[in-house]
Amino acid sequence: MTFYVENECEKELPFHVEEVVEKVINQALDSEDCPYEVMVSVTLTDNEGIHQLNKEFRDIDRPTDVLSFPNVDYEAPADFSGIEDYVEDYFDPETGELCLGDIVVSVDKVYEQAESYGHAPLREFAFLVAHSMLHLLGYDHMEEEEAKVMERKQEEILTVLGITR
């Protein structure tokens, strides 16, 4: 697996970000039986930066906590069958890795929401990465049933990692 973490804001998080990202991505992939080596990009920004992206890409004029930019179109969530038919679209030609997409996290929101929910910034950050990874794997939460599935999967990922409230 290859993942990139870029910090575009001045705030730092009080833990080793790359370590947490790697653990959460790996657990999400394991939980969905991903048969491929993957590539994921993670960008840390502030409320202003994520506000601009939210407005540009979702036409929502406010900051959010995390944005997901999936690269793969799945028939069903985490259904990896048939994606090899789109090698040139989904796989890095040099490494052969499946390019899942990009995650953008607001560090400001990590701190705000951790305080609001009464847990550590580590838990909030790991939750947001898990949430976004599920989006990169084809899950959504637009319908109530979809939301329940995502909530359960997020909690399972974090519980296995021992990152609880």
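These legends describe close-up views of the sheet and of its helices in a predicted model. In this predicted model, local features need pLDDT of at least 70, side-chain atom pairs count only at pLDDT 80 or more, and totals for chains, interfaces and linings use all residues. Residues are numbered from 1 along each chain as its sequence is written, and side-chain values use heavy atoms, with hydrogens and water left out.

**View 1. The open sheet has 4 strands in the order S1-S2-S4-S3.** Its pairing is mixed. Strands here are DSSP runs of E, at least two residues long, and helices are runs of H or I, at least four; both are numbered from the N terminus. Two strands pair if DSSP finds at least two bridges between them. S1 and S3 (66–70) stand at the edges with a single partner strand each, so one side of each has no neighbour in the sheet. From one strand to the next, the twist averages 15 degrees.

**View 2. S1 (residues 2–7) pairs with S2 (residues 38–45) in the parallel sense.** The pair has 6 bridges. Which residue of S2 is the bridge partner of Tyr4? The partner is Ser41. From S1 the chain crosses through helix H1 (residues 17–31) to S2, and this β-α-β crossover is left-handed. A crossover is right-handed if, with the strands pointing away from the viewer, the path from the first strand over the helix to the second runs clockwise. Asn7 has Leu44 in S2 as its bridge partner.

**View 3. Helices H1 and H5 pack at about 40 degrees.** Their axes are 9 Å apart. Axes are lines fitted to C-alpha atoms, for helices over the stretch in contact, and angles run from 0 to 180 degrees between N-to-C directions. Contact means heavy atoms within 4.5 Å. Residues of H1 that meet H5 include Val17, Val20 and Ile25. Their counterparts in H5 include Leu122, Phe125 and Met133. By class, the contact has 13 nonpolar, no polar and no charged residues. Ala, Val, Leu, Ile, Met, Phe, Trp, Tyr, Cys and Pro count as nonpolar, Asp, Glu, Lys and Arg as charged, and the others, Gly among them, as polar.

**View 4. H5 (residues 121–136) and H6 (residues 144–161) cross at roughly 130 degrees.** Their axes come within 9 Å. The contact includes Arg123, Phe127 and His131 of H5, and Met150, Lys153 and Glu155 of H6. By class, this contact has 7 nonpolar, 3 polar and 3 charged residues.
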